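Student: Please take a close look at one part of this model, the surroundings of the ligand. Then say how far the prediction can be read.

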Amino acid sequence: GETGLPGYLKGLNAEQRAAVEATDGPVLVLAGAGTGKTRVLTTRLAHILATGRANPWEILSVTFTNKAAREMKERVGAIIGEAVEGLPWLGTFHSIAAQILRRHAELVGLKPSFTILDTDDQLRLIKQILQAEGIDDKRWTPRHLASLIDGWKNRGIRPEKLGEEDRWTFADGKADVLYRLYQERLKVLNACDFGDLLLHNLTIFTENADVLALYHRRFRYLLVDEYQDTNVCQYLWLRLLARGSGNVCCVGDDDQSIYGWRGAEVDNILRFETDFPGATVIRLERNYRSTGHILGAASGLIRSNRSRLGKTLWTEDDPGEKVQVRGLWDGDAEARFVADEIEAFVRSGNQHNDIAILVRASWQMRAFEDRFIMLGLPYKVIGGPRFFERAEVRDAHAYMRLVRSAEDDLAFERIVNVPKRGIGETSVQKIAAAARSAGVSMSEMAGLMVQTDEIRGKARTALQVFLRDVERWRAQADTMRHDELAEIILDESGYTAMWREDKSPQAAGRLDNLKELIRSMGGFDTLEAYLEHVSLVADLDQASDGDEVSLMTLHAAKGLEFPLVFLPGWEETVFPSQRSLDEGGTASLEEERRLAYVGITRARERAIISFTANRMIFGRWQSVLPSRFIDELPPEHAEAKSETGYYDAGPGFAGVSEPADPFRSAYDSPGWKRFKAAQESGARRDPGVIEGKAKLIESGDNGAGGFKRGDRVFHLKFGYGRILVADGAKLTVAFDKAGEKKVVSSFVEKA
Ligand code: ATP
Ligand code: MG
């Protein structure tokens with residue numbers, strides 16, 4: 001009987017309860033969608049706390065999104081009846097790894113203030129490297145290399161470990177060199193990318209037994225949701241950490257493995273019992289989420305996949321309404337149809353919140369957004385291109401990143417002349433080149449150059465003012481709330497004023513975004529916490545709890561549920577995607593099918609699938625065929641309805657144009673080329689060397705470049721001269737023609 005059980009165990013079925021109560025040793029919960037895996041994990045966490053088995057800070061819990069982490073935190077609090085403030089190790093793989101890396105950054109040659117680059121920064125950096133290496137970046141695109149690098153990192157492969165076959169995947173055998181250069185540049189920038197977070201953790205753990213031992217003692221229980229989507233690197237990380245207590249519980253569903261393209265390996269599930277001997281494996285079969293027809297349609301569909309473990313799923317729910325399938329003329333008609341259905345559903349007493357539209361690719365969102373805006377229908381986009389990618393938000397972040405970390409050259413370059421201060425392209429390139437050849441940050445080099453004649457006139461004054469401002473903000477950061485400081489920075493830098501004076505139609509929206517940004521910063525304790533969050537999340541801007549329809553990709557919908565789910569665009573080449581069809585094999589097609597399974601199983605009461613006859617794809621009208629997945633739905637659980645009213649041609653989409661890349665490359669400069677030459681001739685740029693040089697400049701040691709009073713030198717701009725004063729890297733030179741000038745030692749050579 002259930003009497004005498006703590007409340008949180010009561011509503012669970014026997015298998016669920018077993019999974020909650022088997023606290024010690026390895027446990028794998030392998031079960032289909034909606035069977036309560038996440039609920040089990042949450043309850044287990046509460047159970048460990050309620051029974052005093054561990055303190056909140058001794059439990060490591062991994063969720064797939066930050067949103068899921070927030071929800072889990074709230075639910076645990078609700079279960080044990082107190083606010084759980086201190087679950088510091090509950091988050092995504094990335095956020096937890098970032099937290100660990102901050103504490104031990106120096107062990108991998110970073111400073112604790114390191115920046116986490118987003119995709120945009122990453123692509124610019126790669127582009128610079130390709131250009132500097134003279135590689136045709138039209139043929140060998142930055143995006144291609146970025147995805148290769150991600151792939152290697154996901155598999156735990158560092159540049160030196162790159163195999164012969166991988167080397168030849170890019171730029172005729174230069175893949176390893178480029179990967180290494182990229183890693184070196186990251187270090188110089190005191191930055192890392194997403195993939196590095198876990199990879200650096202692995203390096204730290206494997207090379208520092210004492211650090212690993214620290215975390216072994218710390219993490220007494222480990223819990224992992226959506227285990228089917230862990231990649232090799234995450235798996236290795238987890239296995240290393242789990243060796244400590246051995247109390248690891250993973251929950252997952254092989255049928256929902258949808259991140260294979262990003263390196264996830266469903267085999268991790270199969271390996272669990274081998275790697276964790278004596279593991280308890282628990283299966284859950286009762287689905288609590290969906291109606292009989294929804295479950296029947298999803299189960300029927302996934303049965304076409306050959307590689308799966310296979311499971312039984314049943315429900316006591318009503319069969320409900322069959323899954324509906326609608327054919328429509330084109331994307332606009334589809335959007336009109338969906339909007340009409342939404343309005344009808346809401347009129348019959350439901351909330352907008354109860355509804356989700358799940359698309360295969362984010363371009364599909366556009367038609368829905370247009371329609372919803374026109375109707376004034378409230379909606380939010382989850383994941384996808386978003387708030388944090390807008391130019392004004394990225395500019396504001398660059399200011400804050402620079403204030404936090406003087407090494408952040410990408411941030412420096414982005415905003416040193418935004419708003420326009422008269423620090424032109426040439427000056428910026430000069431600073432970049434000199435900084436690189438001296439192995440110091442651009443901020444530091446700029447600080448040095450403004451004391452000399454290397455930069456003159458208006459640019460020098462402007463740069464001086466800018467550097468002084470940054471210094472002041474940096475000092476204020478110690479005493480002031482970070483959101484207040486952000487406001488001050490945006491005002492004092494002239495950034496807000498720039499948009500206020502801007503007469504373009506978008507300016508008002510940008511100002512609103514800046515306000516929203518400051519508001520959202522207020523929700524974090526520190527600037528670090530905020531920036532960490534920004535670099536890790538894809539979903540902060542959906543924090544609003546307004547009553548809105550959710551629009552998102554199928555990938556972003558994992559773990560979620562809604563009473564009504566729309567699944568538009570079920571057409572060959574859209575879903576399954578062109579790419580999966582091109583690849584030809586069954587593996588990618590089966591992954592698409594699992595995605596379809598994830599989509600249908602998000603629905604609690606109603607699922608509506610639609611397809612169109614005509615699609616504008618990459619600017620061209622094409623007639624398309626309904627998805628093969630529609631044929632695979634068992635007719636006893638799905639019904640086709642034709643809606644002739646929607647078969648009318650619409651105006652279609654406008655063409656999409658690529659915005660020009662506003663980033664300016666400093667790599668064309670002679671300084672960079674000189675630096676490259678020096679590097680190739682054997683000068684290494686490991687972090688030690690960089691530190692060494694930086695110190696040399698700071699300390700004003702006479703040895704910089706080996707210049708001393710009386711030396712005869714040559715300067716590219718001022719010609720020949722003789723050194724009067726050598727003050728560290730700053731030299732005062734009497735030039736034969738140009739007269740007495742202050743210059744930076746890296747700009748002169750001995751004559
Ligand atoms: P997915 O594979 O999609 O992530 P899941 O296995 O994690 O699904 P949950 O999200 O935990 O499933 O649960 C699905 C729904 O069923 C939730 O609304 C949850 O509250 C409910 N549920 C789970 N277990 C029970 C139970 N024992 N009694 C009542 N409702 C339950
Ligand atoms: Mg779940």
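Tutor: Two residues are in contact if their C-beta atoms, placed from the backbone, lie within 7 Å. The model is predicted, with local features requiring pLDDT of at least 70, side-chain atom pairs pLDDT 80 or more, and totals for chains, interfaces and linings using all residues. Residues count from 1 along each chain as written, chains are lettered from A and ligands numbered from 1 in written order.

The shell of ligand 1 has 19 residues, and Gly-36, Lys-37, Thr-38, Arg-39 and Tyr-288 are the closest (C-beta within 6 Å of the ligand). By type, 10 of the shell residues are polar, 5 are charged and 4 are nonpolar; Asp, Glu, Lys and Arg count as charged, Ala, Val, Leu, Ile, Met, Phe, Trp, Tyr, Cys and Pro as nonpolar, and the others, including Gly, as polar. Helix H3, residues 37–50, supplies the largest share of this shell, with 3 residues (helices are DSSP runs of H or I of at least four residues, strands are E runs of at least two, numbered from the N terminus).

An unreviewed UniProt entry annotates a "binding site" at Ala-31, Gly-32, Ala-33, Gly-34, Thr-35, Gly-36, Lys-37 and Thr-38; such annotations may be inferred rather than shown by experiment.

Two of these annotated residues, Ala-33 and Thr-35, deserve a separate look. Ala-33 sits in the loop that runs between strand E1 (27–31) and H3, and Thr-35 is found in the loop between E1 and H3 as well. Ala-33 is buried because 26 C-beta neighbours lie inside 10 Å (20 or more count as buried, 12 or fewer as exposed, in between as partly exposed). Thr-35 is also buried, since 27 other C-beta atoms lie within 10 Å. Beyond four places in sequence, Ala-33 has contacts with Asp-253, Gln-256, Asn-287 and Thr-601. With the same exclusion, Thr-35 contacts Leu-284, Glu-285, Arg-286 and Asn-287.

As for confidence, the protein's average pLDDT is 84, and 88% of the residues reach at least 70 (pLDDT is the predictor's confidence in each residue, from 0 to 100). Residues 538–543 have pLDDT below 50, although the model gives this stretch 13 contacts beyond near neighbours in sequence. Residues 644–704 also stay under 50, with 85 contacts beyond four places in sequence. The model's ipTM is 0.99 and its pTM is 0.74.
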